[in-house]
Amino acid sequence: MNPTARRLVLLALTSAAAIACSAAQTAPALPSPSPVRSPTLLPAAPPAAGLLKDAANGISFSRPASWTRWLPNAHDPINDGPLIYLSTEPLLPTCAVTPGAAPNPPDAQGRACDWPLGQLAPNGVLVTWYTTRILVPLPSAGEVTDVNGYTARLQIAKPGSCSAVGADETLDVLVPIGQPKPWSNIGVAACLRGADLVAAEANVRAMLVSAKVSP
């Protein structure tokens, strides 16, 4: 091979090596794919655990096992009055009986007891499902909640009317029925006492969401 041909071959090999090196430098290394993490959803309130299904007077719901269902005294249909009691406390035998027993008769005015206990114990709960007898309009103020498959308003007062039994908080809600008309004659009042009101409120909300009222 003459000197000129040898120079041409060396030049070609040098150019090829330079092109290969340049390509290796410009091609970025692909990073290893990072694992994709599923988003963590935090509950809005502590979950209500140990719920039991229960029903009475055409009303079905879930309740904590620590709440006992009681049958209120009878009341004249022309009056408002309690339909169901749920409580962590034993109730007055003159005001309520356990399921399966015959309810006490109404008083001389055709009414049941005003309060089925004297005072709530610490961390005590008393829930009353009641009828207003006549249809009343649903309130527009209060926390939005679901009950009986519709949107309702939960009103919270501290201590509210439940101060009569030593409660720290009162929760009131009228249960929507007969939609689309915003009227009701069924209500729920919950009396709560104690330091852990958040957990007690969560149990009340869980009961409301699960509730169904038969037409």
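What is the handedness of the link of Cys95 and Cys113 about the S-S bond? The link of Cys95 and Cys113 is left-handed, with -85° about the S-S bond. The model is predicted. The protein chain holds 2 disulfides, and its fold comprises 2 helices and 11 strands.

**Cys95 and Cys113**
- The sulfur atoms of Cys95 and Cys113 are joined in a disulfide, with an S to S distance of 2.2 Å.
- This pair links distant parts of the chain, its two cysteines being 18 residues apart.
- Cys95 sits in the loop between strand S4 (81–87) and strand S5 (96–97), while Cys113 sits in the loop between S5 and strand S6 (125–137).
- Cys95 has a relative accessibility of 3% and therefore counts as buried, the cut-off for buried being under 20%.
- Cys113 has a relative accessibility of 22%, so this residue counts as partly exposed.

**Cys162 and Cys191**
- A disulfide is also formed by Cys162 and Cys191, whose sulfur atoms are 1.9 Å apart.
- The torsion about the S-S bond of Cys162 and Cys191 is about -65°, so this disulfide is left-handed.
- Cys162 lies in the loop between strand S8 (150–157) and strand S9 (169–174), and Cys191 belongs to strand S10 (residues 183–192), so the bond ties together parts that are 29 residues apart in sequence.
- Cys162 and Cys191 are both buried.

**Pairing order**
- With the bonded cysteines of the protein chain numbered in sequence order, the pairing reads 1-2, 3-4.
- In that order, Cys95 is joined to Cys113, and Cys162 is joined to Cys191.

**Secondary structure**
- Along the sequence, the protein chain follows the pattern α-β-β-β-β-β-β-β-β-β-β-α-β.
- The 11 strands and 2 helices of the protein chain include strand S10, which carries Cys191.

**Burial, contacts and surface**
- The protein chain has 215 residues, and buried residues make up 35% of them.
- Cys95 is among the residues that count as buried, as are Cys162 and Cys191.
- Of the contacts in the protein chain between residues at least 6 apart in sequence, 61% join residues at least 24 apart.
- The protein chain has an accessible surface of about 12,700 Å², and carbon and sulfur atoms account for 62% of that surface.

Terms used:
Residues numbered from 1 in each chain as written. Predicted model: local features only at pLDDT ≥ 70, side-chain atom pairs only at ≥ 80, totals over all residues. Heavy atoms only, no water. Disulfide = S-S within 2.5 Å. Helix = DSSP H or I, 4+ residues; strand = E, 2+ residues; numbered from the N terminus. Buried < 20%, exposed > 50% of the residue type's maximum accessible area, 1.4 Å probe, protein only. Contact = heavy atoms within 4.5 Å. Areas by Shrake-Rupley, 256 points an atom, 1.4 Å probe, with all protein chains shown as cover.
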